[in-house]
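I am opening my notebook to go through one protein fold, entry by entry. Have a look at it with me before I start writing.

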Amino acid sequence: IYDIVQAPKSGERSTIAIAQFSDQHIDEVVLSESVMGMNEYNLDIATNRFKTHFAKLHKLITHHQSHYNINEAVLLFEGDTIGGWIHEELAQTNSISPNEAIYHAKSLYVSGLKYLDENLNVDKITVVCICGNHSRETKRIQYSNFNDTNKEYWMYLEIKSICEMLGLKKVEFIIPKSEMTVISLFEK
């Protein structure tokens, strides 16, 4: 029989909470009857999922803070917030227009960030914003001006401005002009 001793808590185990959020396609519709009653999706469900995402993110990070020194959260907003009209089918079946969807999504993102800024016990919330292909305004992807023709890029810039106007102190944005970015964590 061996003695098993739990290692003492060091209190110095620092980590960063990282959460990914993408492909909400909030304007798309899945009718229950079209999938044999197995699922459904619409703007109301998408809205509730946004709210749940931020509430559970707060809950999970707070839970892990009892075991780790977490002073920073990195949120990855990785695009395709909307389905857009890049396919003929989506133009026919989406519940709202791409501009309406972006307008609605902007409110959801700002609400979530405001909630985390006010309630999450961290010093810094880094928001990395990458555009998806569904929010583009062109039929085909244009690589040399990808973000210039992408509704999400402009939505992210507006979200940043709104957060600054609201005085959210913890939230910092990384909104690259490229389709990807590299960030430093723990000086690496």
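**Entry 1**

Is aspartate 148 buried, partly exposed or exposed? I looked it up in this model, which is predicted, and found aspartate 148 partly exposed, at 38% relative accessibility. Its side chain meets that of lysine 177 in a salt bridge, with 2.5 Å from N to O. Lysine 177 lies in the segment after β4 and aspartate 148 in the loop between β3 and α4, so the pair ties together parts that are 29 residues apart in sequence. Lysine 177 is partly exposed too, and I noted 48% for its relative accessibility.

**Entry 1: the other salt bridges I checked**

How many salt bridges does the structure hold? I noted five. A reminder to myself: side chains of opposite charge can pair when their charged atoms come close.

One of the five salt bridges joins lysine 124 and glutamate 172, at 3.7 Å from N to O. This pair also links distant parts of the chain, as lysine 124 sits in strand β3 and glutamate 172 in strand β4, 48 residues apart. Lysine 124 counts as partly exposed at 29% relative accessibility, and glutamate 172 is partly exposed with a relative accessible area of 39%.

I then turned to glutamate 118 and lysine 114, whose closest N and O atoms are 2.6 Å apart in a salt bridge. Lysine 114 is partly exposed, with 31% relative accessible area.

**Entry 2: the sheet**

In what order do the strands lie? I found four strands in an open sheet, ordered β1-β2-β3-β4, with parallel pairing. β1 and β4 stand at the edges with a single partner strand each, so one side of each has no neighbour in the sheet. From one strand to the next, the twist averages 20°.

I followed β1 to its partner: β1 and strand β2 (residues 69–77) pair in the parallel sense over seven bridges. Isoleucine 18, for instance, has valine 74 in β2 as its bridge partner. Helix α1 lies across β1 and β2 and runs at about 165° to β1.

**Entry 3: aromatic rings**

How many aromatic pairs are there? My note says nine. One of them is phenylalanine 21 with phenylalanine 54, an edge-to-face pair at 6.0 Å centre to centre with 75° between the planes. The two are 33 residues apart, phenylalanine 21 in strand β1 and phenylalanine 54 in helix α1. Phenylalanine 21 is buried, with a relative accessible area of 10%, and phenylalanine 54 is buried at 3%.

Next I looked at tyrosine 153 and tryptophan 154: their ring centres are 5.1 Å apart and their planes stand at 80°, so this pair is edge-to-face. Tyrosine 153 is buried at 7% relative accessibility, whereas tryptophan 154 is partly exposed at 39%. I also found a cluster, in which ring pairs link Phe21, Phe50, Phe54, Phe77, Tyr109 and Tyr156.

Cysteine 129 counts as buried at 2% relative accessibility. Cysteine 163 is in no disulfide either, and its nearest cysteine sulfur, that of cysteine 129, is 9.2 Å away. Cysteine 163 is buried as well, at 2%.

**Entry 4: a histidine and its contacts**

Where is histidine 134? I found it in the loop between β3 (124–129) and α4. Histidine 134 is buried, with a relative accessible area of 13%. Leaving aside residues up to four places away in sequence, histidine 134 touches a list of residues including His25, Glu28, Asp80 and His87.

Aspartate 23 sits in the loop between β1 (14–21) and α1 (43–64) and is partly exposed at 44% relative accessibility. Phenylalanine 186, in the segment after β4 (171–174), has a positive phi of about 50° and is not a glycine.

Last, I checked methionine 165 in helix α4 (residues 151–166). Methionine 165 is exposed, with a relative accessible area of 69%.

Notes
Residues are numbered from 1 along each chain as its sequence is written. This is a predicted model: local features need pLDDT of at least 70, side-chain atom pairs count only at pLDDT 80 or more; totals for chains, interfaces and linings use all residues. Side-chain values use heavy atoms; hydrogens and water are left out. Buried means under 20% relative accessible area, exposed over 50%, partly exposed in between (1.4 Å probe, protein chains only). Two strands pair if DSSP finds at least two bridges between them. Axes are lines fitted to C-alpha atoms, for helices over the stretch in contact, and angles run from 0 to 180 degrees between N-to-C directions. Contact means heavy atoms within 4.5 Å. Rings of Phe, Tyr and Trp (its six-membered ring) pair if their centres lie within 6.5 Å; planes under 30 degrees apart count as stacked, over 60 as edge-to-face and the rest as tilted. A disulfide is a pair of cysteine sulfur atoms within 2.5 Å. A salt bridge is a side-chain nitrogen of Lys or Arg within 4 Å of a carboxyl oxygen of Asp or Glu.
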